[in-house]
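Dear colleague,

I am passing on the structure below, followed by some notes on what turned up in it. Please read them with the coordinates open.

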Amino acid sequence: GVDWSGVKGVTTGIDIKPSPNIPIYGAKMTIKTPNLSVYKSHTLVARNITIGSRNVSLLRLDLNASDSSEHIRITNLPIILNTTASTTDFTNCSLFDLISNTVLMTGQNVIQPSGSGVNHAYNYVLDGNGLLISRGQVSQVDLKCDISSSAKSGKTIHWDLPSNASSTYAIAMPSGQKINVTIVAGAGPVMTLTQASSTSGN
């Protein structure tokens with residue numbers, strides 16, 4: 001305990017001894033910092049997708065600020081394409097905010113895949129000031145593409161989160177602090193291209 005010997009009142013000169021003479025502890029406080037983690041959602045699963053379809057959801061991401069001390073604004077996400085089809089079979093790839101039902105990329109920011117279909121990294125840059133994730137909340141974002149009508153049946157595609165995304169940043173609001181985004185690496189659901197089913201009447 002604390003040694004109170006020699007402690008006297010300034011005016012009276014009387015010795016002062018606290019009662020009771022025991023430690024007093026305050027409530028335990030948890031210190032939070034601004035943070036954001038990004039990982040694939042399990043609510044979108046592998047399935048067949050019809051050739052020639054538009055705005056097809058190929059990957060769903062959870063952007064988690066549930067343990068953040070501030071709102072988080074993110075402006076880009078690195079995502080990797082893996083496909084056995086021609087990369088040009090997928091066009092107008094963009095991100096959509098499922099919470100607000102908002103398109104996050106337009107114009108020149110929209111991705112038009114080309115080149116290799118093996119571990120091909122793309123930087124998805126969001127329009128304007130990006131997406132604001134409220135502290136304590138989890139936002140969901142879908143990656144959607146159009147599928148060419150000339151794509152071949154049986155080919156597959158999956159979009160993945162990279163393992164080396166340490167250079168992805170976000171901004172804490174309102175402090176303006178720059179933070180590293182924690183991206184949990186992993187492969188997205190494997191989607192298989194199929195022809196539209198046809199039925200004939202009698």
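Trp159 counts as buried at 0% relative accessibility, where buried means under 20% relative accessible area with a 1.4 Å probe and protein chains only. Please keep in mind that this is a predicted model, in which local features need pLDDT of at least 70 and side-chain atom pairs count only at pLDDT 80 or more, while totals for chains, interfaces and linings use all residues. Residues are numbered from 1 along each chain as its sequence is written, and side-chain values use heavy atoms, with hydrogens and water left out.

A search of the whole structure gives 2 aromatic pairs (ring centres of Phe, Tyr or Trp, the latter by its six-membered ring, within 6.5 Å; planes under 30 degrees apart are stacked, over 60 edge-to-face, the rest tilted). The ring centres of Tyr124 and Trp159 are 5.7 Å apart and their planes stand at 85°, so this pair is edge-to-face. Because Tyr124 belongs to strand 8 (residues 120-125) and Trp159 to strand 11 (residues 156-161), the pair ties together parts 35 residues apart in sequence; strands here are DSSP runs of E with at least two residues, numbered from the N terminus.

With regards

Technical notes: Helix = DSSP H or I, 4+ residues; strand = E, 2+ residues; numbered from the N terminus. Buried < 20%, exposed > 50% of the residue type's maximum accessible area, 1.4 Å probe, protein only.
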